[in-house]
Amino acid sequence: MAQATRVFCRNFSSSSSRFGNIKHVTVIGAGLMGAGIAQVAASTGHQVVIVDQTDDILSKSKATIEKSLQRVAGETFIAEVMGRLTIKTDAAAAVKNTDLVIEAIVENLEVKKKLFSSLDKAAPKHTIFTSNTSSIPIKDIAVATQRQDRFGGLHFFNPVPIMKLLEVIRIPATSDETFDKLLGFGKAMDKSTVNCKDTPGFIVNRLLVPYMMEAIRMVERGEASPQDVDTAMKLGAGYPMGPFELTDYVGLDTCKFIIDGWHKKYPDNPLFMPSPLLDKLVSEGKLGNKTGEGFYKQKK
Ligand SMILES: CCCCCCCCCCCCCC(=O)CC(=O)SCCNC(=O)CCNC(=O)[C@H](O)C(C)(C)COP(=O)(O)OP(=O)(O)OC[C@H]1O[C@@H](n2cnc3c(N)ncnc32)[C@H](O)[C@@H]1OP(=O)(O)O
Ligand SMILES: NC(=O)C1=CN([C@@H]2O[C@H](COP(=O)(O)OP(=O)(O)OC[C@H]3O[C@@H](n4cnc5c(N)ncnc54)[C@H](O)[C@@H]3O)[C@@H](O)[C@H]2O)C=CC1
């Protein structure tokens with residue numbers, strides 16, 4: 001049995017003591033990341049509620065999770081996992097009995113703050129809040145709440161069911177108890193955790209973003225084609241995907257949110273200057289795999 005299959009088919013039950021205090025998880029945002037996080041949380045025995053803006057988005061997300069599980073698991077396990085997943089459009093109602101909130105909505109500070117401010121009033125005192133943000137300082141989001149000691153970052157990687165890493169981020173106000181619970185939750189999710197401070201891009205994106213931005217500048221300067229850059233990085237540097245394939249995979253809209261946010265925050269840093277090519281593709285609705293076309297057209 002493949003290793004990924006073994007991990008996903010272990011017989012977890014939500015009464016198991018391996019969870020410490022985190023048994024019930026609310027994932028807000030049912031897109032690319034939210035669906036993956038919810039899949040892994042439910043596969044590792046947690047009770048999970050997924051929240052998004054419409055029932056239609058939520059139904060599609062549930063179907064994506066089921067399809068993803070079908071790649072690696074049998075009918076009985078899939079039924080158990082799907083049985084631990086519920087969907088809701090009312091975020092305040094969803095967090096009433098939850099131990100942990102993982103926010104994976106659009107990469108926009110004001111939208112995230114508005115969400116957490118309303119959740120803060122609805123969630124029980126013990127509930128820990130986390131964001132899966134790629135690029136926004138966790139402390140800038142946490143200020144919207146009165147529970148900064150119970151606030152941190154859980155930065156998962158795409159695709160969540162396959163990528164082993166979880167960056168666990170603490171802000172100065174995060175209590176040791178909260179941080180330990182988040183590390184324990186990472187372990188319960190079968191991820192390898194690294195401890196991160198609340199610095200721009202944490203560890204991975206601090207290194208990944210400049211690399212990817214230099215790739216797009218090479219193409220803008222006419223030095224190489226996206227195809228040749230991707231081939232070069234896969235065959236010459238051993239990366240599983242080249243930077244353009246990866247951008248299509250992440251979503252060009254999300255990449256633009258990240259780079260625009262950093263340019264606004266650090267306007268003098270040439271690494272974070274907006275990219276005319278990225279802006280053009282986003283304005284044309286070419287957002288990558290999610291719309292069928294980005295730098296590449298997806299094969300049907
Ligand atoms: C250039 C333009 C620049 C624009 C600006 C840039 C701005 C900055 C952008 C920064 C973005 C930051 C986003 C972020 O915050 C952080 C990220 O997440 S970065 C992305 C990280 N991810 C990657 O780097 C992925 C790289 N790609 C890969 O690793 C592989 O290609 C991939 C794993 C996706 C697919 O590999 P492949 O071999 O093709 O996969 P298989 O299908 O063969 O499966 C492998 C393995 O996994 C098992 N499996 C498959 N599906 C599932 C599933 N749904 N659930 C569980 N397990 C699954 C499968 O069975 C295989 O297992 P084996 O044991 O090997 O059989
Ligand atoms: N795409 C990637 O590879 C990665 C993204 N991230 C981060 O994860 C977060 C989500 O990214 P994706 O899943 O790619 O985005 P996505 O665009 O696929 O999904 C976002 C979802 O959030 C929903 N949403 C927006 N506002 C909402 C609100 N107020 N309440 C409830 N739902 C709301 C949208 O309807 C959408 O379904 C972002 O912060 C992003 O930076 C982190 C790691 C990797």
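**Rings, burial and backbone**

Q: What makes Arg170 a charge over the ring of Phe179?
A: In this predicted model, Arg170 lies over the face of Phe179, at 4.7 Å from the ring centre. The cut-off is within 6 Å of the centre and within 35 degrees of the ring normal.

Q: Which ring does the charged end of Arg147 sit over?
A: The ring of Phe129. The distance from the ring centre is 4.3 Å, against the limit of 6 Å.

Q: Why are Phe116 and Phe129 called an aromatic pair?
A: By the rule, rings pair if their centres lie within 6.5 Å. The count under that rule comes to seven aromatic pairs. For Phe116 and Phe129, the centres are 5.5 Å apart, so they form a pair.

Q: Why is the pair of Phe116 and Phe129 called tilted?
A: Their planes stand at 40°. Stacked needs under 30 degrees and edge-to-face needs over 60, so this pair is tilted.

Q: Which parts of the chain does the pair of Phe116 and Phe129 tie together?
A: Phe116 belongs to helix H6 (residues 109–122), and Phe129 to strand S5 (residues 128–131). The pair therefore ties together parts that are 13 residues apart in sequence.

Q: How do you know whether Phe116 and Phe129 are buried or exposed?
A: Buried means under 20% relative accessible area. Phe116 has 0%, so it counts as buried. Phe129 also has 0% and is buried.

Q: Which residues form one aromatic cluster with Phe129?
A: Phe116 and Phe151.

Q: What makes the protein chain as compact as a globular protein of its length?
A: First, its make-up: 13 helices and eight strands. The radius of gyration is 19 Å, and the globule rule gives 19 Å for 300 residues, so the chain is as compact as a globular protein of that length. Along the principal axes, the C-alpha atoms fill a box of roughly 55 × 45 × 35 Å.

Q: How much of the protein chain is buried?
A: Buried residues account for 47% of the 300 residues. The chain exposes about 14,500 Å², with carbon and sulfur atoms supplying 56% of that area.

Q: What does UniProt list for residues 24–199?
A: An unreviewed UniProt entry lists "domain: 3-hydroxyacyl-CoA dehydrogenase NAD binding" there. In the model, residues 24–199 are 41% helix and 23% strand. The end C-alpha atoms of this stretch are 29 Å apart.

Q: What do the buried residues of H11 pack against?
A: Helix H9 (204–220), helix H10 (226–237) and helix H12 (252–265). The buried residues of H11 (residues 243–250) are Pro243, Phe244, Leu246, Thr247 and Asp248. Gly251 follows H11 and has a positive phi, near 110°.

Q: What is the omega of the cis peptide bond from Asn158 to Pro159?
A: Omega is near 5°. Pro159 is in the loop between strand S6 (151–156) and strand S7 (165–170).

Q: Why does Asp190 count as buried?
A: Its relative accessibility is 15%, and the cut-off is under 20%, so Asp190 is buried. Asp190 is not a glycine, yet its phi is positive, about 65°. The residue is in the loop between helix H8 (176–188) and strand S8 (192–197).

Q: Where is Phe202, and is it buried or exposed?
A: Phe202 is in the loop between S8 and H9. With a relative accessible area of 5%, Phe202 is buried. Phe202 has a positive phi of about 55°, although it is not a glycine.

Methods:
Residues are numbered from 1 along each chain as its sequence is written. Chains are lettered from A and ligands numbered from 1 in the order in which they are written. This is a predicted model: local features need pLDDT of at least 70, side-chain atom pairs count only at pLDDT 80 or more; totals for chains, interfaces and linings use all residues. Side-chain values use heavy atoms; hydrogens and water are left out. Rings of Phe, Tyr and Trp (its six-membered ring) pair if their centres lie within 6.5 Å; planes under 30 degrees apart count as stacked, over 60 as edge-to-face and the rest as tilted. Helices (H or I, at least four residues) and strands (E, at least two) are DSSP runs, numbered from the N terminus. Buried means under 20% relative accessible area, exposed over 50%, partly exposed in between (1.4 Å probe, protein chains only). UniProt positions are given in the numbering used here, feature names are shortened, and annotations may be inferred rather than shown by experiment. The radius of gyration is taken over C-alpha atoms; the globule rule is 2.2 Å times the number of residues to the power 0.38. Accessible areas come from the Shrake-Rupley method with a 1.4 Å probe; for residues, only the protein chains shown count as cover. Contact means heavy atoms within 4.5 Å.
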